[in-house]
Amino acid sequence: MQEEIVDVLIVGAGPIGIACGIEAQKNKLSHLILEKGCLVNSLYNYPVNMTFFSSSERLEIGDTPFVTTNPKPKRAEALEYYRRIDSKFDLNTHLFEEVLSIEKKGSIFTIQSNKAVYLAKHVIIATGFYDVPMLLNIPGENLPKVSHYYQDPHYYTNQHVIVVGASNSSIDAALETFRKGAKVTLVIRGPEVSHRVKYWVRPDIENRIACGEVAVKYNSYLTEITENEAKISTPEGVVTIKNDFVLALTGYQPNFTFLKKVGINIPDESPRIPEHNLETMETNVEGMYLAGVVCGGLNTHLWFIENSRVHAKIIVHDILAKSI
């Protein structure tokens with residue numbers, strides 16, 4: 001066990017976790033950031049060609065400009081920006097170190113990772129929501145050809161690909177794989193492409209659908225996936241189509257199991273927003289805070305980098321106020 005008791009231990013080295021580390025450092029609070037994957041792990045697992053909806057200045061943290069010549073920054077630029085931020089502030093960041101448990105005895109938290117045990121006065125959970133996909137719960141979902149994540153379109157060249165979903169990730173995947181030669185079928189539960197799709201992308205997919213380059217099944221859902229085919233329930237009945245790969249990009253959710261394990265109250269009913277004080281971000285566990293998109297529960301469109309980066313200042317302000 002580490003003998004030192006840090007003022008703030010942060011779980012998650014995404015943009016908001018990093019922002020919390022910077023704010024702690026700025027206010028002379030000792031800190032430690034534990035990340036189970038690489039730096040900004042969720043961003044790393046975004047599609048390789050992804051363009052952010054937000055402009056670069058809305059993604060800035062640590063009062064450090066995010067400079068890009070593009071109207072909207074790309075994934076590679078964001079990875080480099082946050083890497084340079086972590087380096088610039090010389091943050092105490094431990095990568096590939098997963099937090100297994102957090103227990104509080106008296107006023108001190110004991111944090112067990114897969115590598116060590118740490119002690120902390122305060123804990124900030126900034127784990128995002130990208131690690132746990134929303135499952136289809138249908139036969140064949142566990143086949144190797146089914147993925148809930150999408151990265152590179154080249155892999156799907158000349159393949160029959162089903163893309164499930166109507167949001168940004170689904171539409172980007174449909175367009176990119178189509179342009180690499182895939183025969184794409186979009187399966188959408190609703191009557192149209194989501195209005196949340198990036199404004200410069202929506203006309204593109206609508207035009208591809210209109211001219212028959214990308215097939216679409218509206219008001220439809222997958223019922224079964226087999227090695228070479230897939231069954232789709234449509235308003236006209238169940239249809240079976242040839243299929244090589246399924247990209248089930250149906251969304252993600254916070255790791256509720258972990259949040260419950262560390263003592264945070266989670267309602268059973270949707271949207272399952274973890275219990276916390278919106279004015280301080282403190283949870284029902286005194287001294288434990290939430291930061292970033294994890295605060296929204298199943299409302300994964302509620303918080304983004306641009307509107308949750310303020311959580312860092314709110315939390316540190318509350319920590320300092322309590323220590324006076």
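Rings of Phe, Tyr and Trp (for Trp, its six-membered ring) are taken as a pair when their centres lie within 6.5 Å, and planes over 60 degrees apart make a pair edge-to-face. By this rule the count here comes to 14 aromatic pairs. Please keep in mind that this is a predicted model.

**Aromatic pairs**
- Tyr-199 and Trp-200 form an edge-to-face pair, because their ring centres are 4.9 Å apart and their planes stand at 85°.
- Tyr-199 is exposed, at a relative accessible area of 57%, and Trp-200 is partly exposed, at 34%.
- A cluster linked by ring pairs brings together Tyr-46, Phe-52, Tyr-130, Tyr-149 and Tyr-252.

**Charges over rings**
- Lys-72 places its charged end over the ring of Phe-53, at 5.6 Å from the ring centre.
- Arg-75 has its charged end over the ring of Tyr-44, with 5.3 Å to the centre of that ring.

**The three-stranded sheet**
- Three strands make up an open sheet in the order S12-S13-S14, and their pairing is antiparallel.
- At the edges are strand S12 (221-225) and strand S14 (237-242), each of which pairs on one side only.
- From one strand to the next, the twist averages 30°.
- Four bridges join S12 to strand S13 (residues 229-234) in the antiparallel sense.
- Across this pairing, Leu-222 stands opposite Ile-232 in S13.

Definitions and conventions. Residues numbered from 1 in each chain as written. Predicted model: local features only at pLDDT ≥ 70, side-chain atom pairs only at ≥ 80, totals over all residues. Heavy atoms only, no water. Phe/Tyr/Trp six-rings, centres within 6.5 Å; stacked < 30°, edge-to-face > 60°. Buried < 20%, exposed > 50% of the residue type's maximum accessible area, 1.4 Å probe, protein only. Lys NZ or Arg CZ within 6 Å of the ring centre and 35° of its normal. Pairing = 2+ DSSP bridges. Helix = DSSP H or I, 4+ residues; strand = E, 2+ residues; numbered from the N terminus. Axes fitted to C-alpha atoms, helices over the stretch in contact; angles between N-to-C directions.
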